[in-house]
Amino acid sequence: MTALHPETDVLRTEYQKSVAAYWNNNPNDARVNTVLGEVDGLYHHHYGIGAPDLSVLEGPEDTRQERLVKELHRLETAQADLLLDHLGDIGPDDRLMDGGSGRGGTSFMANQRFGCRMDGVTISEYQAGLANDQARDRGAADKVRFHFENMLDTGFESGVMRGIWTNETTMYVDLYELFAEFSRLLKPGGRYVCITGCSNDVFGARSASVSWIDARYGCNIHPRSEYFKAMAANNLVPVSVTDLTPDTIPYWELRTHSELATGVEEPFLTSYGEGSFQYLMIAADKVGR
Ligand code: GPP
Ligand code: MG
């Protein structure tokens, strides 16, 4: 594993140490992520979008759970595909970075699609190690690398990335610090794509169900407005904003039928339903130097 910073510099606060411990501690991780990953070897740590094939809830009972797993996995992969659709034209000589790369699912999909060099960054040594093992097993280790590094201070050279994304990881960090680092890393005209869950300013205040999600994952969900303020402060100019909330609700409804459901389905469905929480995709271009 490439070490750009000494280990002691990667985790700088007690909070960061606690987040890393959560994701390093395999038993804490819901089985839903590993079982879905076993479908085709792409391990995701994000949710799904799109119209589910509801026929999986019918038919022979002995294969129902297995068919449900495949369908949930298909929707999660569709979410990552949509994110990659928004990176713009990426060629094999470009570099992309995944901020909070988890077990590498979206990174492998990007490398397969664009043939480009991929750097994934995670503060979980376990996740970086597992994803690097996968890169080796896939014969992709020359182009796809995972680093035990902090996305707030990656140690990469300035202006080298054609694209950067975060797939449901921004709720663990300060957005101003994060976007300052991304703005430093991106080439002029480079693209940042963010998929996130955010609280809805219009609702008026943070709802109990949003706080429940925070407590479940140990994160700090930001208000929608915070994303745009922090981007504007860091030369990141939004080019498209998509409310994915209606596209993700069917995923959560389907997940309630899985024996792998974790209980977090309830606050997601409540918060989306009452309008206190939104599933958003923002694509932004880096302007200036
Ligand atoms: C999903 O991870 C993402 C997070 C934990 C970050 C919080 C995301 C929000 C949109 C608030 P996962 O795939 O490991 O979760 P689960 O185990 O529930 O599938
Ligand atoms: Mg999951």
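1. Glutamate 168 counts as buried, at 9% relative accessibility; buried means under 20% relative accessible area, exposed over 50%, and partly exposed in between (1.4 Å probe, protein chains only). Glutamate 168 sits in the loop between strand S4 (161-167) and helix H7 (175-185), where helices (H or I, at least four residues) and strands (E, at least two) are DSSP runs numbered from the N terminus. The phi angle of glutamate 168 is near 60°, a positive value in a residue other than glycine.

2. On conventions, this is a predicted model in which local features need pLDDT of at least 70 and side-chain atom pairs count only at pLDDT 80 or more, while totals for chains, interfaces and linings use all residues. Residues are numbered from 1 along each chain as its sequence is written, chains are lettered from A and ligands numbered from 1 in the order in which they are written, and side-chain values use heavy atoms, with hydrogens and water left out.

3. A positive phi near 60° also occurs at asparagine 235, again a residue other than glycine. Asparagine 235 belongs to the loop between helix H9 (224-232) and S6. Asparagine 235 is partly exposed, with a relative accessible area of 37%.

4. The separation is 2.7 Å for an N or O atom of histidine 45, 2.8 Å for a polar atom of asparagine 33 and 2.9 Å for an N or O atom of arginine 255. The protein covers 99% of the 500 Å² of accessible area that ligand 1 has on its own, by the Shrake-Rupley method with a 1.4 Å probe.

5. Arginine 95 lies in strand S1 (residues 95-99) and is buried, with a relative accessible area of 18%. Its side chain makes a polar contact of 2.9 Å with the side chain of aspartate 119. A polar contact is a pair of N or O atoms within 3.5 Å; within protein, one must be able to donate a hydrogen and the other to accept it, and residues adjacent in sequence count only if both atoms are side-chain atoms. Not counting residues up to four places away in sequence, arginine 95 touches Arg117, Asp119, Phe156, Val160, Met161, Arg162 and Gly163, contact meaning heavy atoms within 4.5 Å.

6. Strand S7 (residues 277-286) is mostly covered, nine of its 10 residues being buried. Strand S5 (residues 186-199) runs antiparallel to S7 and is joined to it by nine bridges, while strand S6 (residues 236-243) pairs with S7 in the antiparallel sense over seven bridges; pairing requires that DSSP find at least two bridges between the strands. Isoleucine 282 in S7 is the bridge partner of cysteine 194, and valine 241 also stands opposite isoleucine 282.
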